[in-house]
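Here are a few notes from my pass through this one. Have a look at the structure first, then read on.

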Amino acid sequence: MQPCNHLTMTSDNLSRRDFIRRSGLVGAGIAAAQMLPLRFLRAQDLPDLSNPLAHYPNRDWEKLYRNQYAYDHAFAWVCAPNDTHNCRITAHVRNGVIIRMGEAYDVGNYADLYGNKASWNWGNRHCAKGYTFHRVVYGPYRLKHPIVRRGWKRWADDGFPQLTPELKAKYKFDSRGTDTFERISWGDAFLYIAKGLRAVATRYSGEAGTRLLKEQGYAPEMIEAMEGAGTRAIKMRGGMGLLGVMGKYGMYRLCNSLALLDVHVRGVDHEKAKAGRNWSNYTWHGDQAPGQPWVHGLQNSECDFNDLRFSKLIVMNGKNLVENKITDAHWFIETMERGCKIVVIAPEYGAPSTKCDYWIPVRPSTDAALWLGVTRLMMDNKWYDEAFVKSFTDFPLLIRSDNLKRLRAAEVFPNYKSTLAADGPSMKVQGLTDEQFRRLGCENKGTESDSSRPRRREAGRSGH
Ligand code: SF4
């Protein structure tokens, strides 16, 4: 602690006497200013300048601001996260570092390999995430090097022994989240990936591989389709279907190139070599509304958002064009300006609901019932294009009008047999229960009784 000194006022040893003397001088100064004639305090007249900036004494400081936007070169890149918007963005680089992102103004100029061009309306996109992506690129917590899970690496170093319950525990395959990661070089990362692919291809090739696949519950049709090539046991998924063409289809190219590995592993001629298998989002994990292709026979990339601009009615159900399609929201906002009616079907009064003409609040998970009611109305009133519906609608989930139960294939097609086997992988591997198996209608293995056949519906009553 500092000793208390009653004479010390500040750290520069200003004494009380000095302080009083200086205060007196300041007070005298203020008093003198008050006695000055007012004309000395009045704003001075400015000379008559047509361009004041030209006479500004020093404008060098403006360069400071201009230089903030100066860059050495720029390049275009595509932001392709899982939101599927694929915005084209311009990155501005100075001294080898991206300093800012900007708009890409050439959207109407670039074309695909066939010369097809996008509408200019696709231009001016991006959200704040894309505009600040360089902060992620240079973020202090970014992953700066390859890492590998230690247990997996030990398994690889031990030559990928076939996993028994004991070995699963040893290499921590059965205790997710408990292992640690280890930094490796890029060269080692490529090597370990290649070793892993080779191990799979080798283990599942030939008769030994076929036997193993059977033991693991693979359906006979799948094993047959592999034709003895272990590379066919490797499945890869590229990403968000057509929307991910630019960013994520590299995985499919890698998968196709695994035919080269098959040549190496099985020693087959390149004509007979088999690559891995490319699975789409639907086949892989049921992403992107599986019901869409069931009903329409198409994946849900069939509509160009540009078409929204010509809509008279937009119904948002299971879609949040405001918050989840950030950069595409302008399509429907433009329709609002053109008098389009917007309907939002959602339990909550969320962001899209605030923009709509009609908000239909439904209880969660009752959308299907609502739409079945709409379908019923359309059918009763014949508000449909019969030729179109016959060509493009599968409608596999039909409800019988006589007993209001789902129509089963076995009730329509004589001798129909379910392909879901009671001892297949769904039961043995994926844990399908007997009750679920029965509810899927699989207890009826093609034995069709007359009583189960749908009856002709009564006149004037519709079913769907
Ligand atoms: S909306 Fe944003 S995050 Fe999504 S692709 Fe565009 S810029 Fe990237």
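1. Start with the helix pair: α7 passes α11 in a right-handed crossing. The axes of α7 (residues 186-203) and α11 (residues 250-266) come within 10 Å and cross at roughly 55 degrees, so α7 counts as oblique to α11. Bear in mind that this is a predicted model.

2. Which residues make that contact? On the α7 side they are Leu197, Arg198, Ala201 and Thr202, and α11 contributes Leu258, Leu261, His264 and Val265. Sorted by class, the contact of α7 with α11 has 5 nonpolar, 2 polar and 1 charged residues.

3. Next, the sheet. This one is open, with 3 strands in the order β1-β2-β3 and antiparallel pairing. At the edges sit β1 (73-79) and β3 (97-102), each of which pairs on one side only. From one strand to the next, the twist averages 35 degrees.

4. Zooming in on one strand pair, β1 and β2 (residues 87-94) run antiparallel and are joined by 7 bridges. If you want a landmark there, tryptophan 77 stands opposite isoleucine 89 in β2.

5. Last, the ligand. What surrounds it? The list runs Cys79, Pro81, Asp83, His85, Asn86, Cys87, His126, Cys127, Lys129, Gly130 and Thr327. By class, this shell around the ligand splits into 4 nonpolar, 5 polar and 2 charged residues. Cys79 in the shell also falls within the β1 range, 73-79, while Cys87, another shell residue, belongs to β2, residues 87-94.

How values were computed: Residues are numbered from 1 along each chain as its sequence is written. This is a predicted model: local features need pLDDT of at least 70, side-chain atom pairs count only at pLDDT 80 or more; totals for chains, interfaces and linings use all residues. Side-chain values use heavy atoms; hydrogens and water are left out. Two strands pair if DSSP finds at least two bridges between them. Helices (H or I, at least four residues) and strands (E, at least two) are DSSP runs, numbered from the N terminus. Axes are lines fitted to C-alpha atoms, for helices over the stretch in contact, and angles run from 0 to 180 degrees between N-to-C directions. A residue is near a molecule or strand if one of its heavy atoms lies within 4 Å of it. Ala, Val, Leu, Ile, Met, Phe, Trp, Tyr, Cys and Pro count as nonpolar, Asp, Glu, Lys and Arg as charged, and the others, Gly among them, as polar. Angles under 35 degrees count as roughly parallel, over 145 as roughly antiparallel, 65 to 115 as roughly perpendicular and the rest as oblique. A crossing is left-handed if the near helix is turned anticlockwise from the far one by less than a right angle, and right-handed if clockwise. Contact means heavy atoms within 4.5 Å.
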